[in-house]
Amino acid sequence: MTENQSFSPAAAPALVPTCDLFDRFKDDARYVLPGFHDFGAVTRFSGAVVTVKCVEDNSRVKELLATPGAGRVLVVDGAGSLRCALMGDMIAASAVKHGWAGVVIWGCVRDVAELAALPLGIKALAAIPRASTRRDQGLVDVPVELPGAAVRPGDILFADEDGIVLLTAEQAAGLK
Ligand SMILES: O=C([O-])CC(=O)C(=O)O
């Protein structure tokens, strides 16, 4: 168990609109560049970040989303690969069952009709039927990149229809 996995749901961040976060923090906040789309039934979500860095191998994504999420958000740095999906309906259903607030994937998903019915925030680049090949590769809880924004474990992510904003835990604490 890592430090982040002890994150308490009672300390969940407020659901502040991303545009309000810009108005407050300006360029002291981090903004993910456009290109992500909503695939889950939840389009507004926030939570402390857990990270995975993996390329065309969703071994770590599957494992992590089968552990208690406690309202956190999994950020998957898939290097933007459009060649295969890093999450489908089975893994996403597991995330719901385990209490994750959302999953942001710099890469693809599949089973999008089923994903659209799940009470989970899901932002990804696109859909593709092809699944990834599990080779037991991938890094957990490391600094990762999304387009336009470096992401560290323990950051607080806010997502809504306007996009994705990242704050440090210290910045987010000031919102309360
Ligand atoms: O198993 C996978 O790699 C992705 C998938 O189809 C699922 O989550 O249902």
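Predicted model: local features only at pLDDT ≥ 70, side-chain atom pairs only at ≥ 80, totals over all residues.
Is Arg110 buried or exposed?

Arg110 is buried, because 23 other C-beta atoms lie within 10 Å, and the cut-off for buried is 20 or more. Arg110 sits in the loop that runs between β6 (102–109) and α4 (112–115). Leaving aside residues up to four places away in sequence, Arg110 touches Ala85, Gly88, Ala127, Ile128, Pro129 and Ala131.

Now the ligand. The residues surrounding the ligand are Asn58, Ala85, Met87, Gly88, Asp89, Met90, Ile91, Arg110, Asp111, Ala131 and Ser132. Two elements give two or more residues to this shell, namely β5 (85–87) and α3 (89–97). The largest share comes from α3, with three residues. Sorted by class, the shell has five nonpolar residues, three polar ones and three charged ones.

Next, the annotation. An unreviewed UniProt entry places the feature "binding site" at Gly88, Asp89, Met90, Ile91 and Arg110. These positions span 23 residues in sequence, but no two of their C-alpha atoms are more than 10.5 Å apart, so they gather at one spot.

Met90 belongs to helix α3. Met90 has 11 C-beta neighbours inside 10 Å, so Met90 counts as exposed. The cut-off for exposed is 12 or fewer.

Definitions and conventions
Residues numbered from 1 in each chain as written. Near = placed C-beta within 6 Å. Helix = DSSP H or I, 4+ residues; strand = E, 2+ residues; numbered from the N terminus. Nonpolar A, V, L, I, M, F, W, Y, C, P; charged D, E, K, R; others polar. UniProt positions renumbered as here; feature names shortened; annotations may be inferred. Contact = placed C-beta atoms within 7 Å.
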